Amino acid sequence: MLSKKTKYGIKALTFIARQPERNPVQTSEIAKSENISQKFLESILLILRKSGFLGSKKGKGGGYYLIKEPEDIKMTAIIRVLEGPIAMVPCVSLNYYEKCEDCPEEKTCSVHKLMIQVRDSTLNVLGENTLADLT
């Protein structure tokens, strides 16, 4: 299940991407428009800024803005920053692989085989969609 942090992060990025001429958007405006707690949103936007998706400007006319073009921001990148691994179990993760303690042999594990299919399908959908597709 997608966490609220990730859901709100996607909603905030979409809101920011819709701004004309990449004008900075204040956190309070995003929070009000998207019905998100401002304090929670600030923590999410900070993560997105530190991860290179957003820039920020202080002072009058300040706020958050996209650093990259929306079509260059893949949903897989956003999900990984906010949610962590896309795979549902660590033994099929491409970036966060860990062997399952209870599995003697991955090649014969039925759960492993199923989760590879789930991972690949999920990556296919998220990899084909960008922030521009949501705006």
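Modeller: Leaving out neighbours within four places in sequence, T76 is in contact with I86, L123, L126 and G127. Before we go on: this is a predicted model, in which local features need pLDDT of at least 70, side-chain atom pairs count only at pLDDT 80 or more, and totals for chains, interfaces and linings use all residues. Residues are numbered from 1 along each chain as its sequence is written, and side-chain values use heavy atoms, with hydrogens and water left out.

Biologist: What makes I86 a contact of T76?

Modeller: Contact means heavy atoms within 4.5 Å. I86 is on the contact list of T76, and so are L123, L126 and G127.

Biologist: And why is T76 called buried?

Modeller: Buried means under 20% relative accessible area, exposed means over 50%, and partly exposed is in between, using a 1.4 Å probe and protein chains only. T76 has a relative accessible area of 10%, so T76 counts as buried.

Biologist: Where does T76 lie?

Modeller: T76 lies in helix α4. Not counting residues up to four places away in sequence, L126 touches M75, T76, I79 and I86.

Biologist: How far apart are L126 and A12?

Modeller: In sequence, L126 and A12 are 114 residues apart, and in space they are 17 Å apart, C-alpha to C-alpha.

Biologist: How do you know that the span of α1 agrees with its 14 residues?

Modeller: The expected span is 1.5 Å times one less than the number of residues. For the 14 residues of α1 that should give 20 Å, and its end C-alpha atoms are 20 Å apart, so the two agree.

Biologist: What makes α1 mostly covered?

Modeller: Ten of the 14 residues of α1 are buried. Among them are Y8, G9, L13 and F15. The elements covering the buried residues of α1 include α2, α3, β1, β2, α4 and α6.

Biologist: How do α1 and α2 cross?

Modeller: The axes of α1 (residues 4-17) and α2 (residues 27-34) come within 10 Å and cross at roughly 115°. Angles of 65 to 115 degrees count as roughly perpendicular, under 35 as roughly parallel, over 145 as roughly antiparallel and the rest as oblique. That makes α1 roughly perpendicular to α2. The contact of α1 with α2 has four nonpolar, one polar and three charged residues.

Biologist: Which residues meet there?

Modeller: K11, A12, F15 and I16 in α1 meet E29, I30, S33 and E34 in α2.

Biologist: Why are α1 and α3 called roughly perpendicular?

Modeller: Their axes come within 10 Å and cross at roughly 75°.

Biologist: Is T130 buried or exposed?

Modeller: T130 has a relative accessible area of 10%, so T130 is buried. T130 lies in the loop between α5 and α6. Leaving aside neighbours within four places in sequence, T130 is in contact with P70, E71, I73, K74 and M75.

Biologist: Why is E21 called exposed?

Modeller: E21 has 76% relative accessibility, so E21 counts as exposed. E21 is found in the loop between α1 and α2, and its phi is near 55°, a positive value in a residue other than glycine. Most residues other than glycine have a negative phi.

Biologist: What about N35: buried or exposed?

Modeller: The relative accessible area of N35 is 67%, so N35 is exposed. N35 is in the loop between α2 and α3, and the phi of N35 is near 55°, a positive value too.

Biologist: How much of the protein chain is made up of buried residues?

Modeller: Buried residues make up 39% of its 135 residues. Along its principal axes the C-alpha trace spans about 60 × 25 × 25 Å.

Conventions:
Axes fitted to C-alpha atoms, helices over the stretch in contact; angles between N-to-C directions. Helix = DSSP H or I, 4+ residues; strand = E, 2+ residues; numbered from the N terminus. Nonpolar A, V, L, I, M, F, W, Y, C, P; charged D, E, K, R; others polar.
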